[in-house]
Amino acid sequence: MRSVVTIAADSATRRTRSSTWILATLAFSGIVVSLMQTLVVPLIHVLPELLNTSASTASWVITSTLLAAAVVTPVSGRLGDMFGKRRMILVSMAFLVAGSVVCALSETVPLVIIGRILQGAATGAIPLGISILRDELPAEKVGGAISVMSSTMGVGGAIGLPLAAATAQNFNWHMLFWASAALGTLVAIAVAIQVPESPVRNPGRFDYLGAVGLAAGLVSLLLAITKGAEWGWTSATTLGLLAASLVVFLAWGFAELRTAEPLVNLRVSASRPILLTNLASVMTGFAMYATSLTVPQLLQSPPETGYGLGQSMVMAGLCMAPAGIVMMLLSPVSARITNRYGPRTTLMVGTVVIAVGYLIGAVLMNEVWQIALVSTIIGAGIGIAYAAMPALIMRSVPLHETAAANGLNSLMRMVGTSFASAVMTVVLANMTMPFGPALVPTHRAFVVTFLIGAAAAMLALLIAAFIPRRVPASVVAPTPAADLEPEPAR
């Protein structure tokens, strides 16, 4: 007969193998979902011609995905807590595949926008995956696993840009969407086989009124932010949407506080650890997206401008790809910092690295290798900072609310990226010089965008400094050791 020790060793090996496959599958799903954000970036300038529409209408191909992601992410988190996180990831993949097929078969802008909305609805898979890792993995593996999963938010976008550009350059544009449909199908199969359903549930009634109110407020706010430069910041439409979002959010918050089972637990969300973490997430999201907007434009500008580096979209994407790789490679480093010093320190370290990267970029932007270096440093900081946020959130909420809380935190990062898009667009559009028949951003405009990115990172650092070192044990259910901030050395 086999000894008890041998049986125990085999059982431990199986658990380790299972944990590895769960993490690999969920990380793959995160990369595929985040790919959707940069999937059509190489097509931006040719979309009006491809879809036989105006440039302003074609821009909805990108805006619609952002709006869908913002609305669906917190909703899918709550549904995951209620009905099962694995089940909701599979639903998310169904949205992604359906949206990809719709786009792949479409030649008109309304259908492509519908497909992109469905793709954006899959974004909730990332916070759902983070919550599954907390529920399923051994406590000693949770910190590292969360770091890996969090890094997929940046990895997918960074590596997706050159891949999408190469595909669009060498094949029919519909191939981008057939490829995304295939990837979504692979993810769904892998999740169905490798990822168990989390036993942690928070059954109850779904807050339909809260979902509608949140959607209305978010759509009004994000539309005003993303379209303000195009419509005019003082136009009746922009100001009306901003006013509408304020009124809707006030009414929504009033109703949520009086709902027995709200979509968003505002009392928990307003607690100091969660509130400050979410505010820091907004600024970190801002800092992350700022480089995604400015660096490709700087790399692709003609050398005749005096600062442009004249690179193709594919080469610009390849220059940014190392940032995504570094995010993944630094996951173990983020986990070690969190395990030793706590997630608050990890977040602060990440924001400092981001700020340093932007400050270097404000000085070094004359060669391709300099831009690649700057992008990599910023990517490293983003990877470290993003790894800390789920740990900060999950140590401060009850176990049965982790998916909803992570969904809200992901939403805060999306709000930050939207603000970055608006601010950087204003800077680059107003600091221009003549170049032939057109106006192009000046060298100083790019310097200002890098300084703004550094300021956003420093503001995130300041906010993070006020996050409590520890959360009282009475606030939440027991959490994995990796999520807890150790006592400072005496």
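This note goes through some local features of the structure above, point by point.

1. Basis. The model is predicted: local features need pLDDT of at least 70, side-chain atom pairs count only at pLDDT 80 or more, and totals for chains, interfaces and linings use all residues. Residues are numbered from 1 along each chain as its sequence is written, and side-chain values use heavy atoms, with hydrogens and water left out.

2. Helix α8. This helix covers residues 139-170, which is 32 residues. Helices here are DSSP runs of H or I with at least four residues, strands are runs of E with at least two, and both are numbered from the N terminus. From first C-alpha to last, α8 reaches 46 Å, close to the 46 Å expected at 1.5 Å a residue. The expected span is 1.5 Å times one less than the number of residues.

3. Salt bridges. How many salt bridges does the structure hold? There are three. The criterion is a side-chain nitrogen of Lys or Arg within 4 Å of a carboxyl oxygen of Asp or Glu.

4. The network. D81, K85 and D135 are linked by salt bridges into a network. K85 meets D81 at 3.9 Å, N to O. K85 also meets D135, at 2.9 Å, N to O. D135 lies in helix α7 (residues 125-136) and K85 in helix α5 (residues 85-104), so this pair ties together parts that are 50 residues apart in sequence.

5. D81 is buried at 1%. D135 is buried too, at 17%. The cut-offs are under 20% relative accessible area for buried, over 50% for exposed, and partly exposed in between (1.4 Å probe, protein chains only).

6. E230 and K227. These two form a salt bridge, with the closest N and O atoms 3.5 Å apart. Both are in helix α10 (residues 208-231); they are separated by about one helical turn, being three residues apart. An α-helix has 3.6 residues a turn, so residues three or four places apart point the same way. E230 is partly exposed, with a relative accessible area of 45%, whereas K227 is buried at 2%.

7. Nonpolar patch. Which residues form the nonpolar patch on the surface? They are L105, F171, M175 and W178, with about 440 Å² of accessible area together. Patches take residues with over 30% relative accessible area and no salt bridge, joining like charges within 9 Å and nonpolar side chains (Val, Leu, Ile, Met, Phe, Trp, Tyr) within 5 Å. Areas come from the Shrake-Rupley method with a 1.4 Å probe; for residues, only the protein chains shown count as cover. W178 sits in helix α9 (residues 174-194). At 38% relative accessibility, W178 is partly exposed.

8. Strands β1 (residues 432-435) and β2 (residues 438-441) pair in the antiparallel sense, over four bridges. Pairing requires at least two DSSP bridges between two strands. P434 has L439 of β2 as its bridge partner, and T432 stands opposite P441 in β2. Two residues lie between the strands, and G436 takes a positive phi near 65° in this hairpin.

9. N52. Phi of N52 is near 55°, a positive value in a residue other than glycine. The residue is found in the loop between α2 (47-51) and α3 (55-58). N52 is exposed, with a relative accessible area of 72%.

10. Two C-alpha pairs. S18 lies in helix α1 (residues 4-38) and is partly exposed at 35% relative accessibility. V295 is found in helix α13 (residues 272-300) and is buried, with a relative accessible area of 1%. V295 and A391 are 96 residues apart along the chain, and their C-alpha atoms are separated by 30 Å.
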